[in-house]
Amino acid sequence: MIQKIDIDNDRKLLRPPIVKEIGSTPGEKYLAKLSDYTFLNLWSYPNPYRDQRSKGATEGDGKEICDLLVVCGEHIIIFSEKTNSWPQGDINLSWSRWVKRAIKEAIRQINGAERWIADHPNRIFLDRKCEIPFPIDLPPIENQKIHRVIVAGGAAEECRRFFPNHSGSLALNPKITGDQHFPDDISDAEPFVVGDLDPEGNLIHIFDEISLEIVMGELDTIRDFTDYLMAKERIFRSGNMERVLGEENLLSHYVTNTNPEGNHDFIVDKITGKLDLSKAKYSDLIKNPQYQAKKSADQISYVWDHLILEFTKHMLGGTSMAPPGMDFELRENEIAVRWMALESRFKRRTNGEAIWGALQNGLKEDRFFRLMMSPSGTKESETAFFILTVKYLEWMIDKGGYEKYRMFRSSLMLTYAQATLVKFPHLKRIIGIAMEPPEHENSSEDLIYVEQSAWSDDFLMNLKRDCIHLNVFQKEMAMMEIDDREYPEVKEVLVRKRKMQSMNRADRRRHAAKMRKGRK
């Protein structure tokens, strides 16, 4: 499969834009805004509708499915947001009333949404009139990973009063299950504590206005967020987790611990067999210099986010182009940027450094290619990315102009993609980005997606000829090491910072080039 998307700054409306809802309540609007930041705009849809028909009706009545639906690859995240003011009265009575209003109704909505997605995946719409179909395909039901999330707001202030010196987020206790959240005898209620609402189904994650912002701020990619939800479900139902005061403290343990595979996880104590959360305080974590060094190092990763948004805003806005003779179809062209979006924040850091370095090198060279690929056998080794910069030179003006330049750049891009897959047969796919170096205000970007194939002998012979003609992979690639530490050493960060401050501009550029990571 080969897919290609072209965009440039001469934005022409080629098809109707996709218009999304923005949420109807302040809580829903805030959730929509937060999700666009975390999950990015192509995969996050507030207030989707179902065309629920009855008695032979031909038009849908636009019933809202949930408050936010996120679909990216195999992951489907169903959000139900319920904000309710705190009832007056005795604390147990007030809690019982609030939890029924904020959580019980949300459970009903989420269960209904999950059933509709399973039974009618092609009858989901973005508008109340059910005229705008959900724009991207849901994964096959056998591949779906459903995540159920309730955002229950309105109790934070009372929670802070109940738990002094606490953030105001709800406590978590896996031993509270099902209807124990809604006891007939309110004296049995545990105010501001939630557990496993539906032990028979996928875990329902309960966030409040405090924990929602913290978790989605810390885990601000689809990959990081869904990895956390799955790890939380495993530990929540393992019998090894005790009560914890606040989701953010559970998160603190997760982001500072890794399993033998090197992935963030919940690690139980070898002696007690329990999850030790005694030192997992989020308020302490964010003051830690090494945590702050990580946040500083992560800034370059948002170059990757910016590139994704450059493509998705045109895809949603109707201004992205398909190659001549091909129709643009969002359901198909979404695949390339999806793989970009499925990168973790840490991987985006190394990708961002590679992209930024390539753009700087592209200022000095007529053509610059950089491949970003994990070693064979690692978790991410099936997917590779590359950045290609090609200058638009003055002599090209008389040789067909910018249109001819774009055609040449596209063919060069395809040759690099196919040659990489042939050179590294362990890859299943490659995604490439091509653009001019950042010299001029007006520029264009191309995105290409190519899958591994059983290449014929004729194809390989022609590809070899093209590589020679276009000077692709005619020299051995220089391999560059990457820094695999998510949390940099603080001493190293401080020394590097002082050294950079003492350098002149040329020295800083040379040092930055030396320190760049994650490139080939």
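Student: Which side chain meets R331 in a salt bridge?

Tutor: Good place to start, and please note that this is a predicted model, where local features need pLDDT of at least 70, side-chain atom pairs count only at pLDDT 80 or more, and totals for chains, interfaces and linings use all residues. Residues are numbered from 1 along each chain as its sequence is written, and side-chain values use heavy atoms, with hydrogens and water left out. A salt bridge here is a side-chain nitrogen of Lys or Arg within 4 Å of a carboxyl oxygen of Asp or Glu. At 2.8 Å from N to O, the partner of R331 is D137.

Student: How many residues apart are R331 and D137?

Tutor: Helices (H or I, at least four residues) and strands (E, at least two) are DSSP runs, numbered from the N terminus. R331 sits in helix α10 (residues 330-341), while D137 is in the loop between β7 (124-125) and β8. The pair links distant parts of the chain, and the separation is 194 residues.

Student: Is R331 buried, exposed or partly exposed?

Tutor: Buried means under 20% relative accessible area, exposed over 50%, and partly exposed in between (1.4 Å probe, protein chains only). R331 has 28% relative accessibility, so it counts as partly exposed.

Student: Which parts of the chain does the salt bridge between E114 and R148 tie together?

Tutor: Their side chains meet at 3.4 Å, N to O. R148 is buried, with a relative accessible area of 1%, whereas E114 counts as partly exposed at 22%. The two residues are 34 apart in sequence, so the pair ties together helix α2 (residues 91-119) and strand β8 (residues 145-153).

Student: And what is the count of salt bridges?

Tutor: One more example is E486 with K294, at 3.9 Å from N to O. Here E486 lies in the loop between α13 (457-470) and α14 (490-502) and K294 in helix α8 (residues 289-297), so parts 192 residues apart are tied together. Some salt bridges share partners, and these join D220, D305, R345 and R348 into one network. By this rule, the count comes to 31.

Student: Turning to rings, what are the centre-to-centre distance and plane angle for F369 and Y416?

Tutor: Rings of Phe, Tyr and Trp (its six-membered ring) pair if their centres lie within 6.5 Å; planes under 30 degrees apart count as stacked, over 60 as edge-to-face and the rest as tilted. F369 lies in strand β12 (residues 367-373) and Y416 in helix α12 (residues 401-423), so the pair ties together parts 47 residues apart in sequence. F369 counts as buried at 14% relative accessibility, and Y416 does too at 5%. The pair is stacked, at 4.1 Å and 10 degrees.

Student: Which residues form one aromatic cluster with W86?

Tutor: W86 and F192 make a stacked pair, 5.2 Å centre to centre with 20 degrees between the planes. Both W86 and F192 are buried. Together with W86, the cluster holds W95, W98, F162, F163 and F192.

Student: Last one: which residue in β15 stands opposite A434?

Tutor: Two strands pair if DSSP finds at least two bridges between them. Strand β14 (residues 429-435) and β15 run antiparallel and are joined by seven bridges. Strand β15 (residues 444-451) is mostly covered, with seven of its eight residues buried. Opposite A434 stands D446.
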